[in-house]
Amino acid sequence: MTATTDKPAPTLPRWDLTPYFPGLDTPEYEEGFRSVVRAIDGLTELFDRHGVGVSDPGPLTGESVSAVEEVIGRFNDVLEEYRTLLAYVSAEFSTKTGDPTAQKRLSEAQGQTVRLTKLGTRWTDWVGKLDVEGLIARSQVAADHAYNLRKAHESALHLMSPAEEALAAELSLSGGSAWEKLHSSVSSQIMVPVEKEPGKPEPLPMSVVRTLAFSPDRDLRRRAYEAELKAWKDYEVPLAAALNGVKGEVNTLSRRRKWDTALDQAVFDSNIDRQTLEAMLQAAHESFPDFRRYLRAKARALSLERLAWYDIFAPMGEGTRVWEYPDARDFIVRQFGTYSDKMSAFAARAFDENWIDAEPRAGKRDGAFCVGMRKDESRVFANYQPSYRGMSTLAHELGHGYHNLVKADRTMLQKQTPMTLAETASIFCETIVREAALKEANEAEALAILEGSVQDAAQVVVDITSRFIFESRVFEQRRERELTPGEFCEIMIQAQKETYGDGLDENALHAYMWAVKPHYYRPGLSFYNFPYMFGLLFGLGLYAQYRQDPDAFRSSYDDLLSSTGMDDAATLAARFGIDVRTPDFWRSSLAIIKQDIDRFDSLVPAGQGTSK
């Protein structure tokens with residue numbers, strides 16, 4: 001960390017994607033794409049030869065067992081090759097959403113996604129007719145993929161006819177995927193006139209405008225918030241059409257596939273059950289009074305009667321140190337080393353080999369993510385701000401990269417980690433740097449870090465619950481008809497009131513969060529919200545066990561991470577003596593957050609802090 005100075009901020013890096021292809025319009029990429037097409041052609045021929053998804057496999061024989069093993073092997077190889085191509089194209093598109101070449105290449109790649117989706121459906125149908133337990137007993141390859149086979153066997157109960165599934169896959173490009181792309185293209189290219197200085201409007205990309213929520217200047221935060229809401233309203237019609245399209249498609253397909261609701265399918269896809277979800281949500285609702293107490297304490301610290309929405313991310317304290325990008329790099333590498341040399345070396349490699357795109361800029365999406373590229377390699381997408389939160393976000397995304405590292409030797413079918421468990425390593429890594437930052441900080445810095453940590457937890461527990469409530473009600477009402485932009489806003493505001501309660505000024509909430517969050521527009525990832533809460537609380541529970549017995553924890557943690565696509569969450573949690581189906585575990589994790597809230601509340605007497 002460095003003290004606040006007037007010297008220019010370091011140049012933020014852009015990631016290096018050239019190890020995969022020199023560019024989207026190069027012969028190398030063209031050949032890579034053709035290679036993927038040929039690989040999928042070959043896989044289709046193999047499926048046809050063995051009658052995968054088009055004939056009953058019949059009783060197990062030596063020949064049929066060999067056929068399954070051959071299909072599994074080839075399927076893994078093709079998925080591996082395609083993963084790299086799609087990750088590359090998606091990464092390019094995420095930083096240049098307005099580029100025609102990027103748009104064209106993404107569309108072409110998604111066409112191959114449709115082909116693989118069809119083959120995946122045929123695979124599921126075929127497995128559903130196999131004697132899976134007998135197969136697992138006779139084949140080591142099958143035993144290595146036991147969870148995937150058992151899950152596919154159950155998934156087969158929710159398939160439409162082969163012709164219907166093929167049609168649904170083909171229509172997805174002009175349906176849900178097209179709506180998702182519309183949201184991404186529109187939202188990432190919105191330019192918002194913001195008065196960074198009163199009376200001097202300046203057009204800024206939406207991703208940059210949203211970062212102004214972290215400004216210490218309250219009046220600037222308010223102006224940015226008001227300008228943002230106005231901009232979303234200007235684009236509400238196409239975005240509402242996109243959301244109606246996505247939710248309508250998901251409802252229709254869920255019903256045709258014999259799911260009671262879209263939530264039931266999301267829970268199944270997350271490798272948990274409704275009992276686990278309900279236990280976690282019960283504990284979350286019980287914790288809301290503590291989070292509201294935190295919000296009221298932050299209002300006191302900022303000398304405010306109550307926080308507005310645009311105050312949620314207001315930085316705490318003046319004169320605290322700034323986390324410039326090089327400082328964040330050094331701190332993360334050093335603190336990851338307190339866990340293991342392997343984790344530290346991984347982080348250093350990510351920085352040194354330019355795996356991170358940190359610079360906010362026009363045409364670049366908002367937010368942060370990590371994408372696995374090939375084998376043990378990843379790329380991290382961020383819109384870095386020189387703050388503790390910016391550093392913590394990098395650590396979080398690098399945690400996803402570490403997860404990819406330890407899964408590198410698994411096959412693609414074994415790597416299919418659900419969202420609930422995909423956050424395990426990221427939360428753990430984020431907690432490592434948080435604890436270290438608190439130890440090194442002076443009192444003012446500790447207050448800021450503590451507040452940032454609780455702020456993040458509030459986002460994952462309180463705000464995620466509001467998003468879950470919103471999405472549940474939208475799915476329910478979308479069964480009857482399309483919703484208007486005004487109705488989406490009303491549902492969102494009501495969900496925020498029910499969760500934030502008196503912690504926020506109910507007259508200054510964010511009606512357009514349904515337009516902000518790309519999660520709602522991903523047809524294959526409905527309810528892309530509660531898994532984050534699962535990840536946070538599960539990760540905190542694991543970190544608590546790490547502190548109790550570090551050596552014992554280290555001996556099994558990497559194996560747990562490498563197995564997150566190979567069993568359900570309850571079974572994996574049981575390795576550490578955790579029962580995720582009862583509220584008690586979730587309460588124990590939330591109690592860790594409550595301790596931070598108590599500490600924060602005690603450090604901010606009335607009147608402390610400033611609000612500019």
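Q: What makes β3 and β5 a pair, and in which sense do they run?
A: Two strands pair if DSSP finds at least two bridges between them. Strand β3 (residues 356-357) and β5 share two bridges, in the parallel sense. Two meets the cut-off, so they count as paired. In one of these places, I356 has V380 of β5 as its bridge partner. Strands here are DSSP runs of E with at least two residues, helices are runs of H or I with at least four, and both are numbered from the N terminus.

Q: What kind of model is this, and how is it numbered?
A: This is a predicted model, numbered from 1 along each chain as its sequence is written. Local features need pLDDT of at least 70, side-chain atom pairs count only at pLDDT 80 or more, totals for chains, interfaces and linings use all residues, and side-chain values use heavy atoms, with hydrogens and water left out.

Q: How do you know that β4 and β5 pair, and which way do they run?
A: Five bridges join strand β4 (residues 369-374) to β5, and the two run antiparallel. V371 stands opposite R379 in β5. C370 has V380 of β5 as its bridge partner.

Q: Why are β3 and β4 called edge strands?
A: The open sheet has three strands in the order β3-β5-β4, with mixed pairing. β3 and β4 each have a single partner strand, so one side of each has no neighbour in the sheet.

Q: What makes β5 a covered strand?
A: Buried means under 20% relative accessible area; over 50% is exposed, and partly exposed lies in between (1.4 Å probe, protein chains only). In β5 (residues 377-381), five of five residues are buried. Both faces are covered: E377, R379 and F381 are buried on one side, S378 and V380 on the other. In a regular strand the side chains alternate between the two faces of the sheet.

Q: Why is T97 called buried?
A: Its relative accessibility is 0%, so T97 counts as buried. T97 lies in the loop between α2 (62-95) and α3 (100-128).

Q: What makes the T97 and S188 side chains a polar contact?
A: A polar contact is a pair of N or O atoms within 3.5 Å; within protein, one must be able to donate a hydrogen and the other to accept it, and residues adjacent in sequence count only if both atoms are side-chain atoms. The T97 and S188 side chains make such a contact at 2.5 Å. T97 also touches other residues, including Q103, S184, G363 and R365, leaving out residues up to four places away in sequence.

Q: How do you know that C429 is in no disulfide?
A: A disulfide is a pair of cysteine sulfur atoms within 2.5 Å. By this rule the count is zero. For C429, the nearest cysteine sulfur is that of C370, 11 Å away. C429 has 1% relative accessibility, so C429 counts as buried. C489 has 11%, so C489 counts as buried too.

Q: What makes a nonpolar core, and which residues have the most contacts in the largest one?
A: A nonpolar core is a set of buried Ala, Val, Leu, Ile, Met, Phe, Trp, Tyr and Cys residues joined through side-chain atoms within 4.5 Å. The largest has 154 residues, and I332, L394, F470, W514 and F530 have the most contacts inside it. Helix α19 (residues 443-478) gives the largest share, 17 residues. Apart from this core lies another of 50 residues, among them V71, Y88, W126 and M373.

Q: What does L394 touch?
A: Contact means heavy atoms within 4.5 Å. Leaving aside neighbours within four places in sequence, L394 contacts several residues, including Y325, I332, I356 and V380.

Q: How do you know that the chain agrees with a compact globule?
A: The radius of gyration is taken over C-alpha atoms, and the globule rule is 2.2 Å times the number of residues to the power 0.38. For 612 residues the rule gives a value near 25 Å; the protein chain has 24 Å, which agrees.
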